[in-house]
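Thank you all for coming; please have the sequence and the three-dimensional view open while I talk.

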Amino acid sequence: MVLSVNEHTFKPEVLEAPTLVLVSFWAPWCGLCHVIDPLLKRFEAQWPESIKLVRINADENFKLANDYQLISLPTVLLFDQGQLRYRLDGLESHTDIRRSLGQMLEKITRSAQLPARVN
């Protein structure tokens, strides 16, 4: 299950989380945002103890969207111990999303020493 986060819950759910947190900024009108959801859920399911997936509606959380300087949707950020480690934005297609997520998760696997299970 994907947790919805807002400006009030961002700090405890993302910045203070003991695990890696994959943050997906989205909006209801964003077609690619709906495409990326199943892919993100699959990646989270591969490492349920190690990665937490959250969604943030950029339209309803303008301060967070502004703080992280969103230039396009979807934007995916990976936080590790409150620090932004990876950023994916400017995604233009399903293929682009899969490739970019795969590359990011490959880096995560190496740096966090998670078992390599990227499909």
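What we are looking at is a predicted model, in which local features need pLDDT of at least 70 and side-chain atom pairs count only at pLDDT 80 or more, while totals for chains, interfaces and linings use all residues. Residues are numbered from 1 along each chain as its sequence is written, and side-chain values use heavy atoms, with hydrogens and water left out.

Let me begin with the overall fold. Helices (H or I, at least four residues) and strands (E, at least two) are DSSP runs numbered from the N terminus, and on that basis the protein has four helices and five strands. Read from the N terminus, these elements follow the order β-α-β-α-β-α-β-β-α. The radius of gyration, taken over C-alpha atoms, is compared with a globule rule of 2.2 Å times the number of residues to the power 0.38; here the radius is 13 Å, close to the 14 Å that the rule gives for 119 residues, so the protein is as compact as a globular protein of that length. The C-alpha trace spans about 35 × 30 × 25 Å along its principal axes, and 45% of the 119 residues are buried.

Now to the aromatic residues. Rings of Phe, Tyr and Trp (for Trp, its six-membered ring) pair if their centres lie within 6.5 Å, and planes under 30 degrees apart count as stacked, over 60 as edge-to-face and the rest as tilted. How many aromatic pairs does the structure hold? There are three, and one of them joins Phe10 to Tyr68 in a tilted arrangement, 5.7 Å centre to centre with 50° between the planes. This pair links distant parts of the chain, 58 residues apart, since Phe10 is in helix 1 (residues 10–15) and Tyr68 is in the loop between helix 3 (62–67) and strand 4 (75–80). Phe10 is buried, with a relative accessible area of 4%, and Tyr68 is buried too, at 18%. Phe10 also pairs with Phe79, and because their ring centres are 5.8 Å apart and their planes stand at 80°, this pair is edge-to-face. Phe79 lies in strand 4, so its pairing with Phe10 in helix 1 ties together parts that are 69 residues apart in sequence. Phe79 counts as buried because its relative accessibility is 1%. Taken together, Phe10, Tyr68 and Phe79 form one aromatic cluster.

Most residues other than glycine have a negative phi, and most peptide bonds are trans. In this loop, between helix 3 and strand 4, we find Gln69, whose phi is positive, near 45°, and which counts as exposed because its relative accessibility is 60%.

Finally, the disulfide, which is a pair of cysteine sulfur atoms within 2.5 Å. The structure holds one, formed by Cys30 and Cys33 with their sulfur atoms 2.3 Å apart. Their link is right-handed, with 85° about the S-S bond, and both Cys30 and Cys33 are buried.

Terms used:
Buried means under 20% relative accessible area, exposed over 50%, partly exposed in between (1.4 Å probe, protein chains only).
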